[in-house]
Amino acid sequence: MSSGATQRKVAIVTGGAGAGIGHGITAALLQHGWAVLVVDRDDVVGCEFVWSLREKGEPVYLFAADITAGAVPEAAVATALEQFGRLDGLVNNAGAGLCKPIAEISDEDFDRLLDLDFRAVFRFCRAALPELRRTRGTIVNVGSVHAHATIPGYGLYAAIKAGVESFTRGLAVDYGPAGVRANCIHPGMVESPQNRDLIGRFAGDVDAWIANYTATKQLLPYLPTGQDVGQLVAFLMSDAGRTITGQSIAIDAGSLAMLFERENRP
C-alpha cells in the first residue's frame, strides 16, 4: 500500500494480526470496505497474515510495535495518516489474560496486566481522539464477559475489563457531542487457536471439552468465532450503527444470560 489519501474509511486495530479475534476483526473491516492499520508485535504469524492480505490487494498495513511502549499510540496514528491520509476508527483489541488467585498476584503481574489491558486502551484513545473528532469517528474497545461474571483466578482480569467498559461509557459521554461514538464488546469463550492451546493444557480431548462447555454453559451449542466478533465490530463501526454509543454488548452465545448451568442434552 503506497502512501496517500484513500476514499475508504481507515481504522487502527491493535492486536489485529493475532489468530482468532484479531484476524476476525481485521478481515471483517476489510470486507466492509475499510482500510486497516494493524498494530501488533513483529512476529512471523502476524507478518504472514498481513502480507497474505496485502498480496490480495487489500488496503492493510502492519505497524509492528509493543502497544505499551513510549510514544507508540501517537506513532501509530501518524502512520495511519501517512499511509492512508485519514483516521475514522480505533479498535482496542490487543491484550492479555491472567489466571491467579488475588493473593498470589505480584506487583509485576499487576503492572503488566494493567499496562496491556487498560493503560494501552486509554493511551490509544487519547492519541486517536483528535483525528476521530475531525472525522466523527468511532471506537470499539474489546472487553470480556469477565467484566460481568467471573470464575476463580480471574479477579484482577475481571476488574480491569470492567474498567474498560466504564472507560468506554466515559468516552461516549465526553465525545458524543463531537460525533464520536464509543462502544465496548464482551466476547465469551471464542473458537481460536489460543483457547484450544489453553484447553489442551488441562483437557486430554479439546473437542470433547468444548462440546461439554457449549452444552452446559451456553444457550447456543457452538462457540462464537473470531469472524463473528469481527462482524459485530464492523457493524458497530458502520453507518448502520450510527446511533449506538456508550453500550456494552456481550457476544457469548448466551453464557451470561443463564443463572445456572443447563442440563447437558440435545
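**Exercise 1.** At what angle do helix H3 and helix H4 pack, and how far apart are their axes?

*Solution.* The structure is a predicted model, in which local features need pLDDT of at least 70, side-chain atom pairs count only at pLDDT 80 or more, and totals for chains, interfaces and linings use all residues. Residues are numbered from 1 along each chain as its sequence is written, and side-chain values use heavy atoms, with hydrogens and water left out.

Step 1. Locate the helices (DSSP runs of H or I, at least four residues, numbered from the N terminus): H3 covers residues 72-84 and H4 covers residues 107-135.

Step 2. Read the geometry from the axes (lines fitted to C-alpha atoms over the stretch in contact, with angles from 0 to 180 degrees between N-to-C directions). The angle is about 35 degrees, and the axes are 8 Å apart.

Step 3. The crossing of H3 and H4 is right-handed (the near helix is turned clockwise from the far one by less than a right angle).

Step 4. List the contact (heavy atoms within 4.5 Å). Val-72, Pro-73, Glu-74, Ala-76, Val-77 and Leu-81 of H3 meet Arg-123, Phe-124, Ala-127, Ala-128 and Glu-131 of H4. This contact has 8 nonpolar, no polar and 3 charged residues. Here Ala, Val, Leu, Ile, Met, Phe, Trp, Tyr, Cys and Pro count as nonpolar, Asp, Glu, Lys and Arg as charged, and the others, Gly among them, as polar.

**Exercise 2.** Describe how H6 packs with H7.

*Solution.* Step 1. H6 (residues 193-200) and H7 (residues 206-216) pack at about 100 degrees, with axes 9 Å apart.

Step 2. The two helices are therefore roughly perpendicular (angles under 35 degrees are roughly parallel, over 145 roughly antiparallel, 65 to 115 roughly perpendicular, the rest oblique).

Step 3. Arg-196, Ile-199 and Gly-200 in H6 meet Val-206, Asp-207, Trp-209 and Ile-210 in H7. By class, the contact holds 4 nonpolar, 1 polar and 2 charged residues.

**Exercise 3.** Describe how H1 packs with H8.

*Solution.* Step 1. H1 (residues 21-31) and H8 (residues 226-237) pack at about 45 degrees, and their axes lie 7 Å apart.

Step 2. H1 and H8 are therefore oblique to each other.

Step 3. Their crossing is right-handed.

Step 4. Residues of H1 in the contact include Ile-21, Gly-24 and Ile-25, and those of H8 include Gly-226, Gln-227 and Val-229. The contact has 8 nonpolar, 6 polar and no charged residues.
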